[in-house]
Amino acid sequence: MPLPKISEARELSDEQLVSEIVSVKKQLFQLRLQKATRQLEKPHEFRHARHRLAQLLTVETQRQQATSQSTTE
């Protein structure tokens, strides 16, 4: 399974972006829980989830900076 693309994250609306961030954080929590109880079958999902979260947070930060720059001008 390939890593998710950042272009997919950029296509999301602001509401979808926030809900996706919450969803990925919940997924990471579940993966950590599975790892702690030795039920984790696919350890590569950690990397994919962390990568996706980083992309989503990056897009969110870029949008916030763009908004603050446009209101400053």
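Here are some notes on this predicted model, going from the overall fold down to single residues.

1. **Overall fold.** The protein comes to 3 helices and 0 strands, and along the sequence the pattern reads α-α-α. The radius of gyration is 15 Å, well over the 11 Å that the globule rule gives for 73 residues, so the protein is more spread out than a compact globule. The box filled by the C-alpha atoms tells you about the outline too: roughly 55 × 20 × 15 Å along the principal axes.

2. Of the 73 residues in the protein, 22% are buried. Take the contacts between residues at least 6 apart in sequence: 75% of them join residues at least 24 apart.

3. **Helix H2.** This helix covers residues 14-36. The buried residues of H2 are Leu17, Ile21, Val24, Leu28 and Leu31, and they pack against helix H1 (6-10) and H3. After H2 comes arginine 38, which has a positive phi, near 60 degrees.

4. In soluble globular proteins, nonpolar side chains tend to be buried together. Here the largest nonpolar core has 12 residues in all: Ala9, Leu12, Leu17, Ile21, Val24, Leu28, Leu31, Phe46, Ala49, Leu53, Leu56 and Val59. H2 and H3 each supply at least two residues of this core. Leaving aside neighbours within four places in sequence, leucine 12 is in contact with Leu17, Glu20, Arg52, Leu56 and Arg63.

5. **Rings.** How many aromatic pairs turn up in a search of the whole structure? The count is 0. There is something to see at phenylalanine 46, though: lysine 35 lies over the face of that ring, at 5.6 Å from the ring centre.

6. **Histidine 48.** This residue sits in helix H3, which covers residues 44-72. Is histidine 48 buried or exposed? Its relative accessibility is 13%, and because the cut-off for buried is under 20%, histidine 48 counts as buried. For a sense of scale along the chain, histidine 48 and glutamate 60 are 12 residues apart in sequence and 18 Å apart in space, C-alpha to C-alpha.

7. **Glutamine 55.** Here is another residue of helix H3. With a relative accessible area of 8%, glutamine 55 is under the 20% cut-off and therefore buried. Which residues does glutamine 55 touch, not counting those up to four places away in sequence? They are Pro4, Lys5 and Ile6.

8. **Glutamine 62.** Helix H3 holds this glutamine as well. The relative accessible area of glutamine 62 is 36%, which means partly exposed, since that class runs between the 20% and 50% cut-offs. Across the sequence, glutamine 62 and arginine 10 are 52 residues apart, yet their C-alpha atoms are 10.0 Å apart in space.

9. **Where to look.** To go through these points on screen, start with the buried residues of H2, which pack against H1 and H3. Then turn to lysine 35 over the face of phenylalanine 46, and finish with the contacts that glutamine 55 makes with Pro4, Lys5 and Ile6.

How values were computed. Residues numbered from 1 in each chain as written. Predicted model: local features only at pLDDT ≥ 70, side-chain atom pairs only at ≥ 80, totals over all residues. Heavy atoms only, no water. Helix = DSSP H or I, 4+ residues; strand = E, 2+ residues; numbered from the N terminus. Buried < 20%, exposed > 50% of the residue type's maximum accessible area, 1.4 Å probe, protein only. Contact = heavy atoms within 4.5 Å. Expected span 1.5 Å × (residues − 1). Core = buried A, V, L, I, M, F, W, Y, C linked by side-chain atoms within 4.5 Å. Phe/Tyr/Trp six-rings, centres within 6.5 Å; stacked < 30°, edge-to-face > 60°. Lys NZ or Arg CZ within 6 Å of the ring centre and 35° of its normal. Rg over C-alpha atoms; globule rule 2.2 N^0.38 Å.
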